Amino acid sequence: MGRIEEFNALAAQRAEDELAACCAVPRWAREIVAGRPYQNLAALLAAADAASARLTWPEVEQALAAHPRIGQRPVGQRREDGWSRGEQSGLDASSGRTRAAIAEANEEYERRFGHLFLICATGRSDVELLAAARARLAHDEATERAVVRDELMKIAALRIRKLLDEPA
């Protein structure tokens, strides 16, 4: 899409649709769009963080449902599918053993918490992702929900930057 000026000029529904690729919660997108115009990327990201902080847990779960499991990158052609493949590129050289361990950690995490393991995978290796999944299994539910929210916010901010063609 391009720069903040272009985002500010989009029709409301189009802007909401663009933001849905960053975080798949319609209310989140509506809140951000309602705050336009933004002076700069920092103001837009601050609005996104504020909207993220107001997500209910069912909305967080809705956002989680739009993300693939770590290690199971989507094959679709949507913009967010491509972004996800790039975000998980640290897994490209993973051994079969590491991929199996990540799949096992995903399953254990989902049994423990009832939702998929979400992490901002950009720049992280397969070993780092596996270690994070295993470490987070020790969290209590409240701690893990806070971590999930934080990771969701990181991913949304990263994707907003991509949407506006801004460096991460």
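A residue is called buried under 20% relative accessible area, exposed over 50% and partly exposed in between, using a 1.4 Å probe and protein chains only. Welcome to this predicted model, in which local features need pLDDT of at least 70, side-chain atom pairs count only at pLDDT 80 or more, and totals for chains, interfaces and linings use all residues. Residues are numbered from 1 along each chain as its sequence is written, and side-chain values use heavy atoms, leaving out hydrogens and water.

**View 1. Tyr109, Phe113 and Phe117 form one aromatic cluster.** Rings of Phe, Tyr and Trp (its six-membered ring) pair if their centres lie within 6.5 Å; planes under 30 degrees apart are stacked, over 60 edge-to-face, and the rest tilted. This rule gives two aromatic pairs. Tyr109 and Phe113 make a tilted pair, because their ring centres are 4.8 Å apart and their planes lie at 45 degrees. Phe113 is buried, with a relative accessible area of 12%, and Tyr109 is buried at 0%. Tyr109 and Phe117 have ring centres 5.3 Å apart and planes at 70 degrees, so this pair is edge-to-face. Phe117 is buried too, like Tyr109.

**View 2. Here the charged end of Arg36 sits over the ring of Phe7.** The distance to the ring centre is 5.7 Å. The rule asks for NZ of Lys or CZ of Arg within 6 Å of the ring centre and within 35 degrees of the ring normal.

**View 3. Trp57, Glu59, Val60, Ala63 and Leu64 are the buried residues of helix H5 (residues 57-65).** They share one side of H5, because they cover an arc of only 155 degrees around the axis, taken from the directions from the helix axis to the C-beta atoms. Exposed Pro58 and Ala65 are on the face turned away from the buried side. Helices (H or I, at least four residues) are DSSP runs, numbered from the N terminus.

Technical notes
Helix = DSSP H or I, 4+ residues; strand = E, 2+ residues; numbered from the N terminus.
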